[in-house]
Amino acid sequence: MSTDLVIYQEEYKTLEDVLRRLRVDSNARAIFLIDKNGQQIAAAGEIDQFDTTSLASLTAGNVAATDGLAKLIGEREFSVLFHEGQQDHIHISIVGKRAILLVIFDDRSSLGLVRLRVKRASGEMEAVFEQMANRATEAEAAASSASPFAEITDEDIDALFSE
Amino acid sequence: MTFINYANKEINCKIVYYGPGLGGKTTNLQYIYDKTALESKGKMISLATEADRTLFFDFLPLDLGKVRGFTTRFHLYTVPGQVFYDASRKLILKGVDGVVFVADSQEARMDANVESIRNLEENLEEHGFDLRKIPYALQFNKRDLPGVVPLDQMYRMLNYKREPTFEAVATTGVGVFDTLRAVAKLILKDLRQSATG
């Protein structure tokens, strides 16, 4: 079973910084980092313009379907997807096997520029993911006794559903 | 796979509604969507055919409130029930935290129910999950139809591990929230379990 994805303040900030820089460097409208299971990890840019939850879920569905297609023809994965619209375009790439980077851009940028900048930023993000994975293993070894969820009571859970 | 974000103080969990075609999975989600306050829900997405059969999935994000200062967010998905959409069904189970099985109470659908549970077991296994361990609730839907199979008989056929089981009429909402609540509780208890090691 895959382990839970746990992200702390510091990693979150680093990822957000990378996204923000990538947005400026690539002249993109918005950038989203999404977990492969469809949950948004971080974002930068004109995020208020979009339904970010739907965007994350559909992007993950899209990547999952494309992964399925790749396997059908004997490929391991298609690591980059590109959707071309009339004004806005979407560049989707896989980062560190676990996450999806979604770049929304218009004609103020170009596919070439986005590809180039995404490549560089991906390396930086992969390093953060690696750090997260290492920490997860360490935490497991330390029995993760500090988790706030260890103290959830039945009453807490019932309270959630009392209305 | 629960996603815990300490920066935003959020817990994100994924619940998948599974079951045979035309059993009422989408209707469950639709009812939950209709009855949930605007501020607690996101947009419901249905990737359906022109005939309104689920093609890929339905998706509904829900906020259930706070536990220990963390906002609990549940992402509800359905799978396409028709047998030949197995490839899509498999994809949706990726990273699932809990499953609701929506069984059709009509006599003619009993074989389809049984086959679908077996298919769920197999597809979970491919993702490294075990139906015996994963948070799971069972729903007997369409109890309002005439001539449905008696409860005890359905239970004998479909019960997997003494999971919480509910009678439902998804079109009018009977049993819908009870089922959701049961699986959500199991997920949070699971989370506590894994935190205490």
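Predicted model: local features only at pLDDT ≥ 70, side-chain atom pairs only at ≥ 80, totals over all residues.
1. Extent of the interface. Chain A brings 41 residues to the contact, and chain B brings 43 residues. The area buried between the two chains is about 3,900 Å². Carbon and sulfur atoms give 64% of that area.

2. Salt bridges. How many salt bridges does the rule find across the interface of chain A and chain B? There are four. A salt bridge is formed by the side chains of A:Asp158 and B:Lys185, with a distance of 2.8 Å from N to O. The student may wish to locate this pair in the structure.

3. Strand pairing across the interface. Strands of a sheet pair through backbone hydrogen bonds, and the pairing may be parallel or antiparallel. Which of the two applies to β1(A) and strand β1 (residues 3-5) of chain B? These strands run parallel and are joined by three bridges. Within this pairing, A:Val6 has B:Ile4 of β1(B) as its bridge partner.

4. The sheet of chain A. Chain A contains an open sheet of five strands, arranged in the order β3-β2-β6-β5-β4, with antiparallel pairing. Its edge strands are β3 and β4 (80-84) of chain A, each of which pairs on one side only. On average, neighbouring strands of the sheet are turned by 15° against each other, direction ignored.

5. One strand pair in detail. Strand β5 (residues 89-95) and strand β6 (residues 99-105), both of chain A, run antiparallel and are joined by seven bridges. A:Ile94 has A:Ile100 in β6(A) as its bridge partner.

6. A helix on the sheet. What does α1(A) lie across? This helix lies across β2 (30-35), β3 and β6 of chain A, and it runs at about 40° to β3(A).

Key. Residues numbered from 1 in each chain as written. Chains lettered and ligands numbered in written order. Heavy atoms only, no water. Contact = heavy atoms within 4.5 Å. Buried area = accessible area lost by both parts, 1.4 Å probe. Pairing = 2+ DSSP bridges. Helix = DSSP H or I, 4+ residues; strand = E, 2+ residues; numbered from the N terminus. Axes fitted to C-alpha atoms, helices over the stretch in contact; angles between N-to-C directions.
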